[in-house]
Amino acid sequence: MSAKAITEATGKDILNRHLNVHGAGAATCRFATVNADTDWSKLSVDQPWLLTTPLVVKPDQLIKRRGKLGLIGVKKSFEQVKQWIGERINKDQKIGNAVGKLRNFIIEPFLPHTDAEEMYVCIYSHRSADTILFYHQGGVDIGDVDAKAVKLDVPVNSDLSLADVKSKLLKEVKDASQRERIAKFIGALYATFVDLYFTYLEINPLVVTADNLYILDLAAKLDSTADFICRPKWGEIDYPPPFGRDAYPEEAYIADLDAKSGASLKLTILNRNGRIWTMVAGGGASVIYSDTICDLGGASELANYGEYSGAPSEQQTYEYAKTILNLMTSSPKHPDGKVLITGGGIANFTNVAATFQGIITALREFQPKLVEHNVSIFVRRAGPNYQEGLRRMRDFGGTLGIPLHVFGPETHMTAICGMALGKRPIPKVASVEFSTANFLLPGGQQAQADLKAASDASSEALGSALSSTAAKSIKLPPISADEADNGSSASSASGHRNGSSLTRKFFSNTTKAIVWGMQQRAVQSMLDFDFICRREEPSVVAMVYPFTGDHKQKYYWGHKEILIPVYKKMSDAIHKNKEVDVLVSFASLRSAYESTLEVLEFPQIRTVAIIAEGIPENMTRKLILEADKKGVAIIGPATVGGVKPGCFKIGNTGGMLDNILHSKLYRPGSVAYVSRSGGMSNELNNIISKATDGVIEGIAIGGDRYPGSTFMDHIMRYQADPETKLIVLLGEVGGTEEYDVCAALQDGRITKPLVAWCIGTCASMFTSEVQFGHAGSCANSDRETATAKNKALREARAYVPDSFDTLGELIHHVYSELVKTGRVVPKEEVPPPTVPMDYSWARELGLIRKPASFMTSICDERGQELIYAGMPISEVLSKDVGIGGVISLLWFQRCLPSYVCKFFEMCLMVTADHGPAVSGAHNTIVCARAGKDLVSSVVSGLLTIGDRFGGALDGSARQFSEAYDTNLHPMEFVNKMRKEGKLILGIGHRVKSINNPDVRVKIIKEFVLENFPACPLLRYALEVEKITTNKKPNLILNVDGVIATAFVDMLRNSGSFTSEEAQEYINVGAINSLFVLGRSIGFIGHYMDQKRLKQGLYRHPWDDISYVIPEQYN
């Protein structure tokens, strides 16, 4: 929802900071807020006026008509206010049908005044203007404001004239001075309203005294989507829930997830102890599921409303599912058990398998509690990769221990609601689609053979049952003669906006489009659609992306690769492609306004589709105004777009190719539809394809309050199109556009049969206001409810079903009547073309196999979180395994004992650096001083590591191990090495000696001897040291030697490795890894040190070089 109510305190705080900036001349609102945690003593110190002024107190919880309800305390002292609040706080209060607790209060100074000084002011926004209401008498007894108040409309993007305010609004204010002051106040109030993106602002009363103006009671709503613009002026805004519904921490958690995600995640808890829980994908679908549950008598048991959509990740879906399952299983058990309805329409671009994996993970986590609460789960979903998603869900259901029923697009979307509530039988065998595009899915042949007889029998029985039911419940009025095909189109345009463009066809099989944004998947989807529609050329001719330079992007046209140019500037794309007349904009909510204004400057663009959701309403209204001036049609915002079967589709509309083929969108039918919901447009494609000869055009106008084009804009196009024989309208709660359709039906502008249904009928069954998935789906009056609209449409002679459940049946009956009367002649079905499938989808569906280029067994980043050798990264951190533990996981694929991890860390610390003089550090320093980058400098140091510098660990381990394993006495080993003329690696130091021992060696040696269960090789090396230091005092066991021998002891004696594994690690050179990793730390330190000291280019001094040049050249 974009327009969200704020508390009176929040509204007054905003006005205090901004109203007088515009010259309102109003008194500052003094107030104090109180809740259960308020410290009254501190409050009176912070607000000393509370102790010296008569006070007014009232609850501040979005409650209307508080005066009429006796919820205002007047002329009270501070102590009396405390008592008044104490008697009411956290007590149940019934207001209308809603029962809730009073928790938040506002205290203000009492203002003595007369009734004659009270006035009423209200400003609210609508599609084409902002309306200012004024009445010269205000207060609790104002009565019917709409009938009494004077109205002044300020058109969108226009300035308010104070002369108009005085002449039109303030005629009843006789005093000229007072009229001037009020006019300035209203002017300033309106400027604040526009500047701060208010959508509703009511002051009742506004008290106008001889010396000042006072705002007493205030109600306000803000356009929450304007947060990115207004936050510096608003400050942090808390949007309270409507009275009667407490704010739950789980709702706040999901709202926070939603704010951090590009997807849409919504949750409203309706009845904490309800037995019917929903987890629905899609804004429109979520409303329809709630409608159906309420229609079936489940309103009192419906626990929640919510939706997830917009391609949430597996992790986000897991978090969402986990929250709902926690709520469901932490409430009291129900004697009839509980049901979880995991439904959704046919997704356009959400990967169903990925989201289902998140749900499955959550279900697995809560499995014991689900069994304990006797939960039954019903699943229905379709869309990209749905076959794999449903398969995973079915396979998992067999292990869950509770009933889990899974259905796909072969089942009507809301059928699972009737099954879950016991109103409809649960099919024993689900008729599953086993093909995607023109490919057969794995396991499909045998499964289809097994299903064929059962599904044929059940579908025949079901079909006859539905037919008999429909015949009894649906009485079709006679279809009027269809004279619209040949002559009513001209007259039909009159009286409606932008009439010149009403009869224009938006799309054809030669339509060319530019796509704004680097949306490669959407563009490829459009090209694939073009290909299966047998278009001669691709519909996308260019892309615009301001964040890169001009270049070309590779796509597929069937099996062939093609290049599509990408331009940095819109002007270049349009000037080089004169045939383009459609723009598909994937610009973000922050940039969609400016980019759309830019494209409206080019007359060749006739249609713009704006996909982004969350564009501030003021911006959308300005775009509509500008587009109307130029005769440009806007589809959206907040839409998936639209489709013209056989011709053109916008972006991701229609979903994957398998759904396009199943819904027969590759060729035109006879039925045109218009919907608000993008997700439901896909469901309509499915319903219409099964009930009729298919779709001829479908548009989702978008879920925002002010879509760029209206239902009537498209219905009148369909009315004027001779190929369109039947029109379908899917409206919803909120707004009044459906009444324009009623008027057009009644006055004869619409003569074609129109099937209509408005979703959101459940809204009237809830005791408190619920904001549904779309920004515009909230009724502000009885006239805007779905029930009232459906009644009006039925009375206007539209075909209206009893519920969404029977929409498909009604469409089928009306279509059959058209066929029977000869107005529709079904065409012979065109076989779909062979469709190439993308490799990535074919692989995910299991249709192909390919040898992997790489194999890995230590790390996996593909799931919900990073995994190190089987341990999730969250566990790595929570168990505090340290760097040593990470080494044990990534190098050795196991959790090694803590003393081993400590040993690793000690080795890294003692080998981190040994001064600037050693060759590795020297090289790093020289490189850094030559201006090289960090990576180059560190690599130059690492390349010096070998047998002579630092790399002796592996060699030392090998020499000592071979000697020990062959039972050579230490003296025999020393003699053997001397005889062979080899150095004993790990023995000897240039500086340290037996008299000046290396502290690093001492520390590691003592730790190993004390903590390792056995260290025979280290003890053997120490015996060798005794022999070598007798010869020369500097032939001590050095750092390389002590680490190497201790490392071998760890491999052989920790109990974590077999003897074969231990020897393999020695052979592959694993021991040297500790020195490489440790010394990298030091090299990085030297690099940073040289940069910090700003050392210049290094040149080796001449006096440190011995020049040995031949005396004579021969």
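Which residue in strand 4 is the bridge partner of L55? I looked this up in the model, which is a predicted one, and found K76.

**Entry 1: the sheet**

I next examined how strand 3 (residues 55-59) and strand 4 are joined, and I noted two bridges between these antiparallel strands. I then traced the whole sheet: it is open, its four strands follow the order 2-7-3-4, and their pairing is antiparallel. Strand 2 (32-34) and strand 4 (73-76) each have a single partner strand, so at these two edges one side of the strand has no neighbour in the sheet. From one strand to the next, I recorded an average twist of 25 degrees.

**Entry 2: helices on the sheet**

I looked up helix 1 (residues 8-18), which packs on the sheet and touches strand 2, strand 3 and strand 7 (105-109). Its direction makes about 45 degrees with that of strand 7. I then turned to helix 3 (residues 78-86), which lies across strand 2, strand 3, strand 4 and strand 7. Helix 3 runs at about 15 degrees to strand 3.

**Entry 3: helix 39**

I checked the length of helix 39 (residues 1072-1092) against expectation. After helix 39 comes K1094, for which I noted a positive phi, near 55 degrees.

Note on methods
Residues are numbered from 1 along each chain as its sequence is written. This is a predicted model: local features need pLDDT of at least 70, side-chain atom pairs count only at pLDDT 80 or more; totals for chains, interfaces and linings use all residues. Side-chain values use heavy atoms; hydrogens and water are left out. The expected span of a helix is 1.5 Å times one less than its number of residues. Two strands pair if DSSP finds at least two bridges between them. Axes are lines fitted to C-alpha atoms, for helices over the stretch in contact, and angles run from 0 to 180 degrees between N-to-C directions. Contact means heavy atoms within 4.5 Å.
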